[in-house]
Amino acid sequence: MSSVVIHYGELALKGRNRSWFIQTLVRNVRAALVDLRVSRIAAVVGRIVVTFESADDWGEIASRLSCIPGIGNFALAEQLQADVGLIGDAVVAGIAGRQAQSFRVLARRADKRFPVPSPQIEREIGGRVQQATGWRVDLSNPEYVIRVEVLTHEAYLFLDRMPGACGLPVGTGAKVMALLSGGIDSPVAAWRLIRRGCRTHFVHFHSYPVLSNASQDKARELVRTLTRYQLSSRLHLVAFAGIQQQVLVAVPPPLRVVIYRRMMLRIAQELARRSGAHALVTGDAVGQVASQTVDNMAVVGAVSALPVLRPLVGMDKDEITRDARSIGTYATSILPDEDCCTLFMPRSPATRALPAAVERAERAFDVAGLLTEAVEQVVTERYRFPSVRAPLPSLSSL
Ligand code: ATP
Ligand code: MG
């Protein structure tokens, strides 16, 4: 048997809703590990303890837990009896063979009934480590931190602590609908909302069959990656070529991008309404491309009665790219595709589309009819992580 001790991130600060946040996190951790040999998941005095059967699963467990929002940090932990002498023995055995110049012991007593106060636990165990290794004690900037936590009946020793995704457990925020292109930005925008606890549905607009279905495949792959963070997702695929062709015929080139985006938002809003989502999410950042000005964001956002969340609005491309790499979407985002907007993109989009001009241009085609048609033809796919297959039916039931 091995244990992982999970510490909450920001959630530790939540007041009255704290137990609901914790229950949601426990449920998400359980779902993330459902196909692994886990014997117990329990919330105990301010942390979650996961007990699993085989040490071989640790790598997989660590990789899954590192994606779950709401976890501040976690560590493979040795479970011990709450006895300072025994904990000292385990520490000395656990660090055998490790190299360090300096160290400190950090002890926490979650149950104040334990008779030895934390500073004394630290001193006693620190003394044993020093004796066994000769390492120097450095309280302010140690190379190596040995952590001990004493709960009511048991104690945990952690030698390596791993950072969690932080944020809040998925399910504690509102449901939202993210507009997912095949680019670098929108998957990062969606992930930022997932990490704030919002269950995120996705909508992708494609130009198949005018263009290949490469953009749909990219969107699917991006959703697969993002599903590691929220465990289940829905992707709505919307055929957009018909709308683009109408805009191409009816609208002067500088206004086209803004009008494509307004159509996307109208459709996304209707899909959001049907799935109970309370906001739309896009990957816009001010000034990143010519059409992403504050004025254009206002004209585009004006068609949506739901709030349009733009979590990347003030970020630089370098910062967004760094996030994309760390969440694992970057490699997919840079694959070549034929994004629906590259084909129909004018050479110089308006940087300041005026609302009156945009509304006049939209009178040249049937906005409501195209919206209804697009929504009627939407194709919805469901994704799960881990994708556990149901057991095969036994022969007798066939
Ligand atoms: P991204 O890297 O996300 O494609 P971008 O910098 O290329 O963003 P734009 O092409 O101007 O920006 O698109 C702005 C936002 O509009 C995107 O971040 C995305 O949320 C949405 N969007 C654009 N194209 C599509 C599409 N084909 N399907 C769904 N959403 C889209
Ligand atoms: Mg794009």
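Predicted model: local features only at pLDDT ≥ 70, side-chain atom pairs only at ≥ 80, totals over all residues.
Colleague: How many of the residues of the chain, in percent, count as buried?

Modeller: Buried is under 20% relative accessible area, exposed is over 50%, and partly exposed is in between, using a 1.4 Å probe and protein chains only. The chain has 398 residues, and its C-alpha atoms fill a box of roughly 80 × 65 × 40 Å along the principal axes. The buried share is 53%.

Colleague: How far apart are the end C-alpha atoms of helix α1?

Modeller: Helices (H or I, at least four residues) and strands (E, at least two) are DSSP runs, numbered from the N terminus. The expected span is 1.5 Å times one less than the number of residues, so the 15 residues of α1 (18-32) should span 21 Å. The model agrees, with the ends apart by 21 Å.

Colleague: And what covers the buried residues of α1?

Modeller: The buried set is Phe 21, Ile 22, Thr 24, Leu 25, Val 26, Asn 28, Val 29 and Ala 32. As background, an α-helix has 3.6 residues a turn, so residues three or four places apart point the same way. The cover over α1 includes β1 (2-8), β2 (38-44), β3 (47-52), α2 (58-65) and β4 (71-81).

Colleague: On to ligand 1: which element supplies the largest share of the shell around it?

Modeller: A residue is near the ligand if one of its heavy atoms lies within 4 Å of it. There are 20 residues around ligand 1, and Leu 179, Ser 181, Asp 185, Ser 186 and Gln 292 come nearest. α5 (185-195), β10 (200-206) and α8 (256-275) each supply at least two shell residues. The largest share, three residues, comes from β10.

Colleague: What percentage of the area of ligand 1 does the protein bury?

Modeller: Start with the polar contacts (N or O pairs within 3.5 Å): an oxygen atom of ligand 1 is 2.6 Å from a polar side-chain atom of Asp 185. Taken alone, ligand 1 exposes 580 Å² (Shrake-Rupley, 1.4 Å probe). Of that, the protein buries 91%.

Colleague: Is Thr 321 buried or exposed?

Modeller: Thr 321 is found in helix α10 (residues 317-327), and a polar atom of its side chain lies 2.7 Å from the backbone oxygen of Lys 317. Leaving aside neighbours within four places in sequence, Thr 321 is in contact with Ile 184 and Tyr 330. With a relative accessible area of 14%, Thr 321 is buried.

Colleague: What separates the C-alpha atoms of Met 162 and Leu 65?

Modeller: Met 162 is in strand β8 (residues 154-163) and partly exposed, with a relative accessible area of 32%. Beyond neighbours within four places, Met 162 is in contact with Trp 58, Ala 62, Asn 73 and Phe 74. Leu 65 is 97 residues away along the chain, and the C-alpha separation is 9.7 Å.

Technical notes: Residues numbered from 1 in each chain as written. Chains lettered and ligands numbered in written order. Heavy atoms only, no water. Contact = heavy atoms within 4.5 Å. Polar contact = N/O pair within 3.5 Å; in protein donor to acceptor, adjacent residues only side chain to side chain.
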